[in-house]
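Q: Hi! Could you walk me through this one while I have it open?
A: Happy to, let's take a look together.

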Amino acid sequence: MSIELKDVTYVYMPKTPYERVALDKVNLTIEEGSFTAIAGHTGSGKSTLVQHLNGLLVPSAGEVLVDGVNLLGKDKAAKIKAWHARQQVGMVFQYAETQLFEETVEKDIAFGPQNQGLDEAEVQERVREAMELVGLSYKDYKDVSPFALSGGQMRRVAIAGVLAMRPKYLVLDEPAAGLDPRGREELMSTIQKLHKKWNLTIVFVSHSMEDIARLADNLLVMQAGKLRAAGTTAEIFADAQLLQETGLEPPQIMQIMQRLQKAGLPVDSSAITPEAGLQSLREVFHVK
Amino acid sequence: MLNNIMIGQYFPGDSFLHRMDARVKILLLLILLIEVFAFTSAPVYLIMTVLTFLMIMISKVPMRMVLRSLKPLWWIILFTFVLHLFSHPGRELYRIWQFVITQEGVEQGALISVRLMLLIILSTLLTFTTSPLKLTDALESLLSPFKRLGLPAHELAMMMTIALRFIPTLISETDKIMKAQQSRGADFVTGSIMSRLKNMVPILVPLFLSAFRRADDLALAMEARCYRGGEGRTRMKEMKLGRLDYVAIGVFALFSAGLGVSYAL
């Protein structure tokens with residue numbers, strides 16, 4: 001089971017002077033159970049790409065398959081199948097807290113499951129579960145207005161609103177943008193937990209190479225609407241030329257290790273997480 | 001979903017019409033529209049139509065886009081035409097039960113329909129060739145003589161500029177919120193009118209919130225840069241009449257005089 005993009009092309013405002021090709025024949029597969037990050041310069045087509053994953057944007061050419069179902073159903077039966085396939089992909093937008101609208105946290109999170117046509121008891125159960133998943137206590141927060149919360153908490157509520165629909169795939173578009181370091185750290189741990197404990201397949205757009213190195217297994221690099229490279233995070237970060245051409249920087253720890261190596265220390269310059277870096281330094285200095 | 005809307009439908013270009021002073025364009029358009037009303041006759045409308053197509057060609061705006069601006073008003077034009085068909089007494093052409101189509105009715109209906117189309121196409125040509133910003137600047141300048149009567153020309157223009165500036169922003173915001181709620185299973189397309197209205201709440205609440213926040217931020221940013229109204233304010237782009245504009249005015253005056261004489265004869 002996977003999400004598959006086949007020759008997906010997307011053109012903004014076709015046949016006007018503002019026409020722009022945002023995606024150009026993108027082919028990729030996101031396997032179930034994987035943690036995939038998408039990186040690339042601003043305007044490289046990352047956000048456009050992820051909006052295809054649950055059919056919010058319809059490709060100008062090519063097709064998107066979720067678990068083998070084309071998201072663009074032709075006849076009625078295919079449309080219903082496509083609708084169910086789209087429900088499998090939860091989507092968390094940039095600054096997701098701007099989508100909150102209800103009077104209480106509970107009501108807002110319940111919006112998605114209610115639209116799925118679930119009964120009240122089931123909805124309540126899902127809200128409770130989703131709130132615990134993102135680390136908000138159901139008892140304390142369910143009757144609070146979402147607009148009385150801090151920015152980080154509001155974003156958690158928004159993510160819970162998506163999780164309550166129990167998607168198989170979770171797409172997050174720069175989920176940590178604009179959060180303070182602590183909020184960011186908490187959110188990243190939450191996402192990691194969702195992946196490890198709850199087996200959610202995660203697609204994650206980010207500008208932070210540190211977050212990508214720490215969390216993701218696979219990395220897709222976008223450049224000018226094209227899929228420039230795809231591979232494991234270690235592979236991509238090891239390709240210095242690719243990073244330079246696409247305007248990405250390797251994670252800070254990797255830069256440090258590379259400089260140490262240049263200075264003559266026999267450290268492992270392919271370490272992409274602080275933990276791996278520390279491990280390598282320990283070995284070099286024989287510290288246990 | 002909403003990204004196919006064009007605001008003020010400005011079509012960037014570098015034609016004669018694009019380079020003309022916006023104030024001159026507005027004034028000439030006004031006079032031209034008055035002439036369309038004043039000289040209602042078939043030959044004049046024929047000349048006017050030729051002139052209009054000539055201007056579209058000069059402006060290099062694709063004909064298809066100009067004609068598309070007629071689309072929303074298509075039904076009104078058709079309705080007007082049909083109404084005129086039956087409402088003029090005269091030589092009978094065709095009879096449907098009580099209603100009589102007359103020769104005069106057909107002529108009047110055709111004239112009025114052409115008049116409507118001319119009005120729409122000429123006005124859209126102005127917005128096609130003038131950026132919204134230039135348009136508001138021109139309005140401010142044209143309205144400034146009325147300041148003495150207490151008309152806040154600068155403030156009105158500033159309000160319009162800000163509104164225009166934020167329409168695309170709010171549209172992209174709406175688009176994003178709609179997509180977010182659609183991802184949560186919201187349905188804006190099917191259902192009864194009541195349920196569809198109810199479904200607007202998840203869009204409107206976040207949209208208003210963000211609009212108010214943006215308004216607050218903008219007010220603060222303007223105040224931080226010492227904005228205090230139009231008094232003694234200079235501009236980055238001064239509006240000046242060039243040779244082009246005098247030529248346009250001259251040609252237009254000749255054209256109008258010709259029309260007036262030929263109509264009187």
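**Around helix α6 of chain A**

Q: What covers the buried residues of α6(A)?
A: The cover includes β6 (89-92), α3 (105-115), α4 (120-133) and α7 (181-196) of chain A, together with α8 (153-183) of chain B. Contact here means C-beta atoms, placed from the backbone, within 7 Å. Helices (H or I, at least four residues) and strands (E, at least two) are DSSP runs numbered from the N terminus.

Q: Before we go on, what should I know about the model and the numbering?
A: This is a predicted model: local features need pLDDT of at least 70, side-chain atom pairs count only at pLDDT 80 or more, and totals for chains, interfaces and linings use all residues. Residues are numbered from 1 along each chain as its sequence is written, while chains are lettered from A and ligands numbered from 1 in the order in which they are written.

Q: Thanks! Back to α6(A): how many of its residues are buried?
A: 11 of its 13 residues, so the helix is mostly covered; buried means 20 or more other C-beta atoms within 10 Å of a residue's own, exposed means 12 or fewer, and partly exposed is in between, with C-beta atoms placed from the backbone. Among the buried ones are A:Met154, A:Arg155, A:Val157 and A:Leu163.

Q: And what span does α6 of chain A reach?
A: Helix α6 (residues 151-163) reaches 18 Å from its first C-alpha to its last, close to the 18 Å expected at 1.5 Å a residue. That expected span is 1.5 Å times one less than the number of residues.

Q: Switching to the interface, how many residues are in contact between chain A and chain B?
A: 21 residues of chain A are in contact with 19 residues of chain B. On the chain A side, β6, α3 and α6 each supply at least two residues, and the largest share, 3 residues, comes from α3(A).

Q: Where is A:Lys25 found?
A: A:Lys25 is in strand β2 (residues 20-31) of chain A, and it counts as partly exposed because it has 15 C-beta neighbours inside 10 Å.

Q: Is A:Asn199 buried or exposed?
A: Exposed, because it has 10 C-beta neighbours inside 10 Å. A:Asn199 is found in the loop between α7 and β8 (201-205) of chain A.

Methods
Contact = placed C-beta atoms within 7 Å.
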